[in-house]
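Here are my notes on this one, in the order I'd go through them with you. Have a look at the structure first, then read on.

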Amino acid sequence: MKHEYQRELDQIYADESMKQRFRLAMQTHAIETEKPKQHKPIVSISVCALIIMLVFGWMIDSLVNPSSNNAEVPLAKLILHKDEFQIGGLGSVGYGVQTSIPASTLFSHNVPLSLPDKTVYLSVFENVNRTEMGEVRTPYTKAKGEQVLREYSERLKLQDTEILYDNDGQPYVNSLIGTMWLRDQDGVMFTFHPSYIEDHPIALSADSKEEVQANIENIQKNVPDLIPFQKPWIDIIYMDMTLQQSKQWQIQISETSEDPAQNFINHQMKQMMLYADENGNLASIYFPTYDLRKQVGNYPIKTYEEAKKDLQDQNNIFFQQEGNLDEIVYAEIVYHTAYRATYYMPYYRFIVKAKDQSILMNQKSGSVYVDYYVPAVQNQYFQIIE
Amino acid sequence: MHTDDEIERIVETYSHTLLRLIMHHVHDLDAAQDIVQDVFIAYMKQDRAFHDREHEKAWLLRVAINRCKNYRKHWWQSKRSTWEDTSGEERQSQFYVLDEVKKLSFHQRNAIYLFYYEGMSIQQIAHLFLVKEGTVGSWLHRGKAKLKEQLKGVWDDEA
């Protein structure tokens, strides 16, 4: 049937008249852009109006919320762009179908930050590697890349390693048991060679969270060098919400910190992730790397009730599919780490029942859930612009 | 400034790919053509330096996908009934599997097309959508599961 799909798509093609239409449109555009441009007054007026609104809005905000100017450490107002938000950057729990497990159990995982009932502070970082469209903009120069790879080789205690270069001149580490390479934007991935896995299988994936947890504990015991943390914080997230299918887990491990805010940052942005192959054996290890050198500030965070009110009032919310905002089944705080994000900043993630349940199709029971995001930073400290 | 040679290369290289991708989201060839043209105009307007052909292709695919999103919004508001009334037996008979793929979610459709037809890797698709690879894996997994159900179990990677 896959071949039938491919055969059907082969029948869709741009014929010569269609291509000619495209060429003409592009050539016409090229000619038009050569003509000198005239300023459109409406654009200038709009820009002036926008500036006035922003300045006036800031003045009003300063009057209404004097604390925003009088905080001990002045906090810059965070300017968020409506279109920078990509829900995919906020983790993997999307919508899903569940048939027997209660939703709260289904979505819950080992998050090191409980939902606050009073104001707490969390760091916001500038995403110095931000890209508009998600293009590759690696933070690693060739020399820095080699250094990072060496550091991780040592971390994994790899033997017989060699730095090689791919066709684009990017360095990678080759060792007898696998290959480590720089991920384009955000880290380093090491993949075991299949023959090594065959000879030295390390069980990882399993049917239940408890079994996965036990497998990780075995890894800690039997291959202690693999997990480079003194006090590992282990989080196992159920990825595939369709219970009839094979189970997939997102397994992430980070360093436990006594400081709850630091513990949360480690969990969100300084973790290692383990991936299993189709047989459930450890196949690769990924170290995401976020550049956290430019801290914008420590911002006060909304309480859960404040964030929930914003959600239900539909005030500064982000979502992809509509849900019933009165049916919150799970909530947590997550850092937004998409490539397009201006800031690595915390958001409340609310999982609610979807309005459209049609995906269930012929299933007799179950529910579809969608996720909504509310900036966790208090409202007076950010502004969303189009 | 884009030369005629460059325009020729872009049209020859990407017309089919974009048309096929967009046909996963619209319901007639005319609309798909309009969107392809729109994507090419967007290409003319940009002046970025692409790292390589892969980067260029990813950019065009991303613009096409965004245009499809906008089209869907606009289309649902203005022409919803048109499609529902005239959707088609004719189309269904011509594109049996594609019609079933079109019933998947927006992301699942894109992932299925890019993976199974364009031969892109999960990593490449993840970069395209700015999501983690696990998310793409999940789109593919769920998409395939739904297709199996819709096609009564005959979707098979190896078939």
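**Notes on the salt bridges and the folds**

1. The side chains of B:Glu12 and A:Arg23 come together in a salt bridge, 3.0 Å from N to O. The cut-off here is a side-chain nitrogen of Lys or Arg within 4 Å of a carboxyl oxygen of Asp or Glu. This pair crosses between chains, from helix H1 (residues 4-22) of chain B to helix H2 (residues 16-34) of chain A. B:Glu12 is partly exposed at 34% relative accessible area, while A:Arg23 is buried at 7%. Buried means under 20% relative accessible area, exposed over 50%, and partly exposed in between (1.4 Å probe, protein chains only).

2. Before going further, the ground rules: this is a predicted model, where local features need pLDDT of at least 70, side-chain atom pairs count only at pLDDT 80 or more, and totals for chains, interfaces and linings use all residues. Residues are numbered from 1 along each chain as its sequence is written, chains are lettered from A and ligands numbered from 1 in the order in which they are written, and side-chain values use heavy atoms, with hydrogens and water left out.

3. Over all chains, the salt bridge count comes to 18. A:Glu4 and A:Arg7 make one of them, with the closest N and O atoms 2.6 Å apart. They sit three residues apart in helix H1 (residues 2-10) of chain A, so about one helical turn separates them. A:Glu4 is partly exposed at 28%, and A:Arg7 is partly exposed at 40%.

4. A:Glu258 and A:Lys231 also form a salt bridge, at 3.1 Å between the closest N and O atoms. Both are in loops of chain A, and the pair ties together parts that are 27 residues apart in sequence. A:Glu258 is exposed at 68%, whereas A:Lys231 is partly exposed at 44%.

5. On to a sheet in chain A: it is open, with three strands in the order E12-E3-E15 and antiparallel pairing. Strands E12 (295-301) and E15 (343-344) of chain A are the edges, each pairing on one side only. Two strands pair if DSSP finds at least two bridges between them; E3 (residues 120-126) of chain A has six to E12(A). Among the residues involved, A:Val124 has A:Gly297 as its bridge partner.

6. Chain B has eight helices and zero strands. Helices (H or I, at least four residues) and strands (E, at least two) are DSSP runs, numbered from the N terminus. Of the 159 residues in chain B, 57% are buried.
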